[in-house]
Amino acid sequence: MRVALLSYRSEPHCGGQGVYVRRLSHGLTELGHQVEVFSGQPYPVLDPGVGLTKAPSLDLYREPDPFRTPSLGELRGVVDLIEVATMWTAGFPEPLTFSLRVAKLLRARRGEFDVVHDNQCLGYGLLSLSRAGFPLVATVHHPITRDRATELAAATGSRRLTLRRWYGFARMQARVARRLPELLTVSRASAADIAADFHVPADRIQVVPLGVDTAVFTPPRSPRAPGRIVAVASADSTVKGVRHLLEAVAKLRTEREIELVLVARLADGGPSRRLISELSIEDVVRTVSGISDGELAALLASAEVACVPSLYEGFSLPAVEAMACGTPLVASRAGALPEVVGPDAKCAVLVPPGDAEALARSLAALLDDPVRRARMGEAGRRRALRKYSWTSVAAATAERYAAAIERTGGKPRC
């Protein structure tokens, strides 16, 4: 099949969506399908054999100049005006404007693709593709309404008004989701949340979990670093629970030698940087970002414990990557995390979300028990090998492509 894979931002260091684009496109290519990724900035890192068509935005959130005002010469038409106007009024325009740009590109290439697969955009432009007869599949990793609820619960004053405006695109995503014939998501927990928040019938949501490269994410050959905890956070936001982990680390460092390595881009002066300083834990917290898969795998494999303190997760690739490295987990009992680590939780200790005291106790107990850590790590590796494979993810996704093509009266190419 000839697949157009759409992602409004898909650089791997932006989080799980970028990893999804790279690994899924690679897996589909290995199965013999032709994949072309359509992406806005930041652009993806893709494997050989996968095509890339750039659908450039105004790139209003780029570093080191986020929320910049573009020059008049950069404005190319109505879509650009919508993008900058939405940013000026505190909204987030990229899902909408990317969908409009990519719909125009695809309509001009109508006969070149058998199926279009949207990754978490859910912009109004998709509806024009559906009306034009494109077989269409959309992946929703989780409904953005969950992030909005978590952020609003932690905000006060004018910040609440700003957040409501920023997350205004959630209404569009819900409307588009209800009008698409089928959605894919990555966990049963996320499927239930999509059904509840977006009011999509449950029988129109199919679950295809994410995968992990178990040849890259693998247990270490050398001893792990004593007292090392590793956590991965794609964003410095409330929903990732970084605050609660930092508070737990502040307590732990008074009792033992520890090191927290936080894989995240923390803005200077941002909430996590400020809290690290307030807690006086700069000497035991190290942050890294922009690392390769191999470097991330080596880091996770060097840790005695990995931590996923999120208040909500639609899946959690970092949890699966730690499991593949044989690294025991302390994770929140939130969203899809209990589902990801398994009903018996042999590879993880689950704690109440947002409970820094419980995090500290569980991390301390694991750091003090090497036999238990080894047992949990082995269980995690077995589960990753058995359940989470990008090859199986690609094959299951291709089955949904075939169903979408048949639904629009076409015949899938093998």
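Helices (H or I, at least four residues) and strands (E, at least two) are taken here as DSSP runs, numbered from the N terminus. What I present this morning is a predicted model, in which local features need pLDDT of at least 70, side-chain atom pairs count only at pLDDT 80 or more, and totals for chains, interfaces and linings use all residues. Residues are numbered from 1 along each chain as its sequence is written, and side-chain values use heavy atoms, with hydrogens and water left out.

Let me start with the backbone. Leu122 sits in the loop between β4 and α4, and its phi is near 55 degrees, a positive value in a residue other than glycine. Gln120 belongs to the loop between β4 (115-119) and α4, with a positive phi near 70 degrees. Are these residues buried or exposed? Buried means under 20% relative accessible area, exposed over 50%, and partly exposed in between (1.4 Å probe, protein chains only). Leu122 is buried because its relative accessible area is 1%; Gln120 is buried because its value is 6%.

There are also cis peptide bonds to note. One runs from Gln41 to Pro42, with omega near -5 degrees, and Pro42 lies in the loop between β2 (34-39) and β3 (51-54). Another joins Glu63 and Pro64, where omega is about 5 degrees; Pro64 is placed in the loop between β3 and α2 (78-88).

I turn now to helix α15 (residues 370-387), which holds Met376. Met376 has a relative accessible area of 4% and is therefore buried. Contact means heavy atoms within 4.5 Å. Setting aside neighbours within four places in sequence, Met376 is in contact with Pro328, Leu329, Lys346, Cys347, Ala348, Val349 and Leu366.

Arg381 also lies in helix α15. Not counting residues up to four places away in sequence, Arg381 touches Thr214, Phe217, Thr218, Pro219, Met323, Ala324 and Gly326.

Finally, the model has Arg131 in helix α4 (residues 125-131). At 62% relative accessibility, Arg131 is exposed, because that value is over 50%.

I would be glad to take questions on any of these residues.
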